[in-house]
Amino acid sequence: MSDTSVKFGSPAKVPAWVNLVLVPLVNLLAAFLLSGVVILIIGDNPLQAMEVLIYGAFGYEEALGYTLYYTTNFIFTGLAVAIAFHCGLFNIGAEGQAMIGGLGVGLVALYLDVLPFALVVPIAILAAALFGGFWAAVPAYLQAKRGSHIVITTIMFNFIAASVLTYLLVEVLIAPGGQSPESREFAEHTWLPFFHNFLPLPETPLNISFIFALLLCVGFYYLMWHTRWGYEIRVTGQNETAAKYAGISPARNIILAMIISGALAGFVGVNEILGVHHRLILEFTGGFGFVGIAVALMGRNHPVGIFLAALLFGALYQGGSELAFEMKNINREMVIVIQGLIILFSGALEHMFRPTIENFFKKRSSSAAVEA
Amino acid sequence: MEYFEIFVLLMDATLRVATPLVLAAMAGMFSERSGIVDIGLEGKMLGAAFAAAAVAYVTGSAWLGLLGGIAVSMALSGLHAYACVTHNGNQVVSGMAINIVVAGLTPTLAFAWFRQGGQTPALTGDDRFSSLTLPFAEAVRDIPVIGYTYAELISGHNILVYIAAAAVPICAYILYRTRFGLRVRAVGENPHAVDTAGIVVSHLRYQALMVTGFLCGIAGSYLSTAHGAAFIRDMTAGKGYLALAALIFGKWRPVPTMFACLLFAFTDALQARLQGVDLPLVGAIPVQFIQALPYVLTVLLLAGFVGKAIPPKAIGEPYIKER
């Protein structure tokens, strides 16, 4: 008998690529199939829609710029939701944290614009992290110390954040003489450089926060798997009791993980407010916080997966706006349907296909072992 | 007397705003008491609102619209049960997914079917529930206080408002005085014990979620065929989450939940009334402050600063039968 023999009763190993690649792809395929059915029902051709979507997302330089610009937001919120997941927490409040983070960016850009670019941008990024982190710290504290459930409190905090931002924009920060709830435009030296400013590319909203997002992916990997903080967060998430016995304080790590999570979500404000709109506006978060949940789920809470999932959702966002132009029965909301179905299949129904697929590979590996 | 009239009108508006909240909160109560987190109330209501408006427009009957709304809401609830009970999926993710799918699907279908920019055509006449005048309402209107209250506040609503009012005692009766209610409460606290007693946990949770779907369907239909006169995109505007907040504020009990809904609805009616009004001492209260109030109150309650909300013990955890 060789080493490959399987002991009776021991779990047969499923190849890693099945878990990491095949299962997510099957879930994705199911979501796309069902989306195709929806497109059929409303009377368009799903294959043609797919073609338009892919061309609209990657087909030409400008489209690619928009895709990567949306990807940036999804990386931020995906990482935000992922670090909370690692700690066993469900951060449904990335949307609100992004709003408050953007508020921090806006305040710095509005009131500290006497400082030069090299100072005001780092301060603005820091403000995004601090404001977003604070907005996540309160529910985290309530979860850790007062036992109130973080899902509910973060939902409530999303609504409170929207009210705070609306109040400030309508009553306080509104541009003098302005009609709509927006602040004045920031001084030009506070703007983040666009890619088309220093590369021969067409004009798109893609700015250097994309690079910042990629750096954060690397930082996230290092933090989670190569530092004590990351280790303690993961232990807390996997087994709070074990963490306690190992001398790790769950409360401390819950609050820490949520502050980092809120800070990451707050960076959406850097991309949107400092990078693209150059003024504080309402609803710049555009649902990115909620989609972050899908990104983290699809990306299996790993930065590489999150980057790929963010790219997928970025492509959907950009390709989807193209769909609305090209197809006669499809409007922009079709993309939301596809997003929702992806969350449904890769999140809520993740256990639907998995056992079948795993059994298939277990059988194959054990029969291969018997032959050997 | 004038202050009294303003008060009655304010309460009248409160009832109209509270109706979908009460129905949705009662719906959420069955789900959550059976141990299934339901943040998908919003999506179920929105789906029902669209279906009710679409069916009512096509058939010309508000009642058929209501049936359509209930059917869609129950189907969505069934999907939630399929994900959370059959496949032990994450309940928050499932509710979230339902909310997002419905938020996208309703305007998509409305756009494709009705060509009015993601809305349904306006409903008129029998397509929607009109207000009922209760007997003697006009006759007693001139009697001070009581008669006026009866004519303005009690009479003159559409049937769904009265259904919502009746739903609270009925739900309370079902939950506390029937075998089904006892089992729902038990399965939310300790599914193992229920299983040991020979009751199938999954069937029970499916049944509870069907009740949730039914009530949510009425709530959604109310929005598009009784309160409003068409489906508009995102017309629930967070009411599902507000109902969830009310449910928690009412500590998962029917009567306190109803009062929480009335309180939240009252703040909403008050906010519409106070817009731009200067109050003595405090000046104009920002609208956004009053809008945020229900959420702030719920957080304070959850934090244990005002009372203590203790959720059903087994909530959020899929029940996996031991073999």
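Visitor: Is B:S131 buried or exposed, and why?

Guide: B:S131 counts as exposed because it has 11 C-beta neighbours inside 10 Å. The scale works like this: a residue is buried if 20 or more other C-beta atoms lie within 10 Å of its own, exposed if 12 or fewer, and partly exposed in between, with C-beta atoms placed from the backbone. Please keep in mind that this is a predicted model, where local features need pLDDT of at least 70, side-chain atom pairs count only at pLDDT 80 or more, and totals for chains, interfaces and linings use all residues. Residues are numbered from 1 along each chain as its sequence is written, while chains are lettered from A and ligands numbered from 1 in the order in which they are written.

Visitor: Thanks. Where is B:S131 found?

Guide: Look in the loop of chain B between α4 and α5 (137–140). Helices (H or I, at least four residues) and strands (E, at least two) are DSSP runs, numbered from the N terminus.

Visitor: And what does B:S131 touch?

Guide: Not counting residues up to four places away in sequence, B:S131 touches B:G156, B:H157 and B:N158. Being in contact means that the C-beta atoms of two residues, placed from the backbone, lie within 7 Å. B:S131 and B:N158 are 27 residues apart along the chain, with 3.9 Å separating their C-alpha atoms.

Visitor: Let's zoom out. How many helices and strands does chain B have?

Guide: Chain B has 13 helices and zero strands. Its radius of gyration is 20 Å, close to the 20 Å that the globule rule gives for 323 residues, so chain B is as compact as a globular protein of that length. That radius is taken over C-alpha atoms, and the rule is 2.2 Å times the number of residues to the power 0.38. Along the principal axes, the C-alpha atoms of chain B fill a box of roughly 70 × 50 × 40 Å.

Visitor: What share of chain B counts as buried?

Guide: Of its 323 residues, 51% count as buried. B:L244, in helix α11 of chain B, is buried because 27 other C-beta atoms lie within 10 Å.

Visitor: Which residues is B:L244 in contact with?

Guide: Leaving aside neighbours within four places in sequence, B:L244 is in contact with B:G28, B:I39 and B:L41.

Visitor: New topic: how many residues does each chain give to the contact between A and B?

Guide: Chain B gives 38 residues and chain A gives 39 residues. On the side of chain B that touches chain A, α4 (91–114), α11 (239–249) and α13 (287–302) of chain B each give two or more residues. α4(B) gives the most, with 15 residues.

Visitor: What classes of residue are on that side of chain B?

Guide: There are 25 nonpolar, 13 polar and no charged residues. Here Ala, Val, Leu, Ile, Met, Phe, Trp, Tyr, Cys and Pro count as nonpolar, Asp, Glu, Lys and Arg as charged, and the others, Gly among them, as polar.

Visitor: Last one: where is B:A237, and what about its phi?

Guide: B:A237 is in the loop between α10 (201–227) and α11 of chain B. Its phi is positive, about 45°, although B:A237 is not a glycine. Most residues other than glycine have a negative phi. B:A237 is also exposed, with 12 other C-beta atoms within 10 Å.
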